[in-house]
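The following note sets out points for a colleague who has the model at hand.

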Amino acid sequence: METPFPPFEPNGPNDAARGPRLREIPLRLVVPNLITILAICAGLTGIRLAFESRYELAVIMVLLAAFLDGIDGRIARLMKATSKFGAQMDSLADIVNFGVAPALVVYVFALDSARSIGWIAALIYAIAAGLRLARFNVMAERENRAPWQSEYFVGVPAPAGAMLVLLPVYLGFLGLTEDRTFAYISSAYTVLIAFLLISRLPVWSGKSEGSRLRRDLVLPLMLGVVLYVALLMSFTWEVMVFTVIVYLLSLPFGARRWRLKYGTLTIEEPGDGDDDIGRHI
């Protein structure tokens with residue numbers, strides 16, 4: 001029921017006293033956040049499927065979560081829909097999809113037979129992924145970014161770490177015996193991947209603006225991508241094992257390229273202050 005007389009305002013309408021008004025938000029600002037939420041749902045669903053012993057679906061959901069988590073930021077930039085809220089959501093999704101979900105899936109499938117050692121390995125990986133993501137966020141917020149940051153990662157990036165740490169699961173799908181020895185080896189491998197995440201190893205990112213491809217190599221590259229996807233659809237776990245091995249073998253070449261260019265084996269930054277923990281650890 002409307003009041004017959006408007007409220008008395010001696011100094012004129014006071015919009016500030018009426019509280020915040022509801023405003024419409026463009027749909028393009030919501031889309032990236034929806035993708036981030038779907039990524040979190042996929043990662044958590046992968047954990048549930050692992051505990052239900054539906055391992056293949058669990059791995060697919062974790063990889064899907066990593067894929068969605070990797071494209072939401074790019075979509076936000078393409079749609080000019082970046083926001084502080086979206087950045088915080090993306091950070092929370094990263095620790096779930098690249099840290100917690102892969103650690104639990106590999107633990108349930110392969111590390112459980114190693115008992116406490118397997119659980120400790122899973123914990124180490126999850127914490128390492130969190131530290132890696134925190135270091136990445138701190139470095140991304142720096143006002144004066146070093147030129148090499150557009151070409152190299154400091155340590156293996158978290159999305160790649162999620163793919164790498166699931167190698168014992170891929171091998172299990174191919175029929176490798178899942179006994180106590182396999183669990184101990186898988187635990188050691190999990191700790192190794194955790195170390196690569198938090199290391200200062202220079203990992204070539206392939207994102208440098210100066211990267212160019214010869215014109216005559218464009219079509220072969222496109223055909224190679226098509227062939228890779230086709231093989232991935234037909235021989236999923238064999239191709240995933242091959243991808244992990246190729247990625248691990250590529251790390252020394254990236255470090256060698258860094259050494260030839262900068263003269264060091266690892267990425268070292270000058271200690272120009274104590275404004276964060278150990279200069280990004």
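How are helix 7 and helix 9 oriented to each other?

1. Helix 7 and helix 9 are oblique to each other, the class left for angles that are not under 35 degrees (roughly parallel), over 145 (roughly antiparallel) or 65 to 115 (roughly perpendicular). Their axes cross at roughly 50° and come within 13 Å; axes are lines fitted to C-alpha atoms, for helices over the stretch in contact, with angles from 0 to 180 degrees between N-to-C directions. The crossing is left-handed, that is, the near helix is turned anticlockwise from the far one by less than a right angle. Tyr 189, Ile 193 and Leu 196 of helix 7 meet Val 244, Leu 248 and Leu 251 of helix 9, where contact means heavy atoms within 4.5 Å. By class, this contact has six nonpolar, no polar and no charged residues; Ala, Val, Leu, Ile, Met, Phe, Trp, Tyr, Cys and Pro count as nonpolar, Asp, Glu, Lys and Arg as charged, and the others, Gly among them, as polar.

2. On the basis of the values: the model is predicted, local features need pLDDT of at least 70, side-chain atom pairs count only at pLDDT 80 or more, and totals for chains, interfaces and linings use all residues. Residues are numbered from 1 along each chain as its sequence is written, and side-chain values use heavy atoms, with hydrogens and water left out.

3. The protein chain holds nine helices and two strands, in the order α-α-α-α-β-α-α-α-β-α-α from the N terminus. Helices (H or I, at least four residues) and strands (E, at least two) are DSSP runs, numbered from the N terminus. Of its 281 residues, 38% count as buried, meaning under 20% relative accessible area, with exposed over 50% and partly exposed in between (1.4 Å probe, protein chains only). Of the contacts between residues at least 6 apart in sequence, 78% join residues at least 24 apart.

4. Helix 5 is largely enclosed by the rest of the structure, because seven of its eight residues are buried. Those buried are Ala 158, Ala 160, Gly 161, Ala 162, Met 163, Leu 164 and Val 165. Helix 5 packs against helix 7 at an angle of about 170°, with the axes 10 Å apart, which makes the pair roughly antiparallel. Ala 158, Gly 161, Leu 164 and Val 165 of helix 5 contact Tyr 189, Thr 190, Ile 193 and Leu 197 of helix 7. These residues divide into six nonpolar, two polar and no charged.

5. The largest nonpolar core has 54 residues, and those with the most contacts inside it are Val 59, Tyr 125, Val 156, Leu 166 and Tyr 170. Such a core is a set of buried Ala, Val, Leu, Ile, Met, Phe, Trp, Tyr and Cys residues joined through side-chain atoms within 4.5 Å. Helix 3 gives the largest share, eleven residues. Not counting residues up to four places away in sequence, Val 59 touches Val 105, Leu 166, Val 169, Tyr 170, Phe 173 and Trp 237.

6. Ser 53, in the loop between helix 1 and helix 2, has phi near 65° and is partly exposed, with a relative accessible area of 49%. Arg 115, in the loop between helix 3 and helix 4, has phi of about 60° and counts as exposed at 57% relative accessibility.
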